[in-house]
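Here is a friendly walk through one protein model, written for someone who likes to know the cut-offs behind each word. Please keep the sequence and the 3D view open as you read.

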Amino acid sequence: MKKNQKGILLVNLGTPSDPSVPAVTRFLRRFLSDRRVIHMPPLIWQPILNIMVLPKHAPKSAANYEQLWSSEIGSPLLHYTQRQAQLLQKRLPDYTVRYAMSYSQPLIGAVLKEFEFQGITDLTIIPMYPQYSTTTTASVQDDVARFYQDRKTVPEIRFVSDYSSFWPYVKALSNKLQKAVAKMNPDAIVFSYHGIPLSYQKAGDPYAQRCRQTTMAVIERLGLQVPCFQAYQSRFGPAKWLTPATKDLLTALPKQGYRKVLVIAPSFTADCLETIQELGEENRDVFLAAGGNEYQLLPALNGDAEWVEALAQLTLLNAVMPAQNAAMDLPSANLQTE
């Protein structure tokens, strides 16, 4: 058997090629044209997207990307995703490790074609979304299925669909959080997840449950006595989304006596616009304006050694015992309500 016939594909959302308005417009058009993301018939949605949404939101998003773009690393999300793939390659030298993006280069199909050319016969696919949602993980599954539907040969595919309470992932999050708690001694901890429309949950998307699993797993592992809250960020459009909204929660907490807040964003495995700009700046300003005294955002897992090890364990676990997810049921924990 040839060496490196086993492959690993890490898949993240994507990022504009640069922070210009045209590049951001192209990225948003691809992203918001995914029917897993926007549940609306294209004949209705596409005119709205191109005439109303993109002209309004692309310039604003471009300005935000301009603020976080680095002359050294460019897009943080791309940089950290590349770094994760490089570190995982070192950890698992018998695998060929690559990364792809759902809505920017390198696209999933292009990397799968590269694997095909290299003769990969055993492929583990890990979406960089620990909590399964139809808006993220299922979209990756769609892209993979479209690529292979007309192929004459298909590799053994091991698709990790959820690892919301997979212990190596929980350990990586917990140890990072524990250090920050010891240093800051916060009044409260806020677990902020990317939100989805409430209608998606009502249609059967289990995302909110998976987010709660992660929150409870971290609280249980650390035995946290600090009050913990869960909220959802990045709301888009007029529809109702999962609640409470992170901004609303951060506005309310100082009035309840919580003035030192530590925020963790477990659904983001790499720092990006939503963590650096939205959580790190906008929501910090909201909390301080509402009467808060101290606000700290825990960086994403990025290239942390324990996170890379969690990715390795996800791969090795599925190589021995193929599974659709690596989550588990957990008891209730010290999670506060708003």
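## Ground rules

Contact means heavy atoms within 4.5 Å. Helices (H or I, at least four residues) and strands (E, at least two) are DSSP runs, numbered from the N terminus. Axes are lines fitted to C-alpha atoms, for helices over the stretch in contact, and angles run from 0 to 180 degrees between N-to-C directions.

This is a predicted model, in which local features need pLDDT of at least 70 and side-chain atom pairs count only at pLDDT 80 or more, while totals for chains, interfaces and linings use all residues. Residues are numbered from 1 along each chain as its sequence is written, and side-chain values use heavy atoms, with hydrogens and water left out.

## Confidence

The predictor's confidence in each residue is its pLDDT, on a scale from 0 to 100. The protein averages 94, and 93% of the residues score at least 70. Residues 327-333 stay under 50, and for this stretch the model has 20 contacts beyond four places in sequence. Where pLDDT is low, the predicted coordinates should not be read in detail.

Two strands pair if DSSP finds at least two bridges between them. With parallel pairing, 4 strands form an open sheet in the order β6-β5-β7-β8. Its edge strands, β6 (228-233) and β8 (294-297), each pair on one side only. From one strand to the next, the twist averages 25°.

Inside this sheet, β5 (residues 188-194) and β7 (residues 260-264) run parallel and are joined by 4 bridges. I189 has L262 of β7 as its bridge partner. Helix α10 lies across β5, β6, β7 and β8, and runs at about 170° to β8.

## Where α2 meets α10

Two packed helices are described by the angle between their axes and the distance between the axes. For α2 (residues 42-68) and α10 (residues 273-289), the angle is about 90° and the axes are 10 Å apart. The pair is therefore roughly perpendicular, a label for angles of 65 to 115 degrees (under 35 is roughly parallel, over 145 roughly antiparallel, and the rest oblique).

On the α2 side, the contact is made by N64, Y65, Q67 and L68, and on the α10 side by L273, I276, Q277 and E281. By class, this contact has 4 nonpolar, 3 polar and 1 charged residues. Here Ala, Val, Leu, Ile, Met, Phe, Trp, Tyr, Cys and Pro count as nonpolar, Asp, Glu, Lys and Arg as charged, and the others, Gly among them, as polar.

## Two residues of α2

Is K56 buried or exposed? This residue of α2 counts as exposed, at 62% relative accessibility. Buried means under 20% relative accessible area, exposed over 50%, and partly exposed in between (1.4 Å probe, protein chains only). The C-alpha atoms of K56 and I126 are separated by 34 Å, and the two residues are 70 residues apart along the chain.

I48, which also lies in α2, is partly exposed with a relative accessible area of 28%. Not counting residues up to four places away in sequence, I48 touches M40 and V53.

## Buried places

Strand β2 (residues 95-101) has 6 of its 7 residues buried, so it is largely enclosed by the rest of the structure. Strand β1 (residues 6-12) runs parallel to β2, with 7 bridges joining them, and I8 stands opposite V97 in β2.

S139, in helix α5 (residues 137-148), counts as buried at 2% relative accessibility. Leaving aside neighbours within four places in sequence, S139 is in contact with D34, R36, Y103 and T134.
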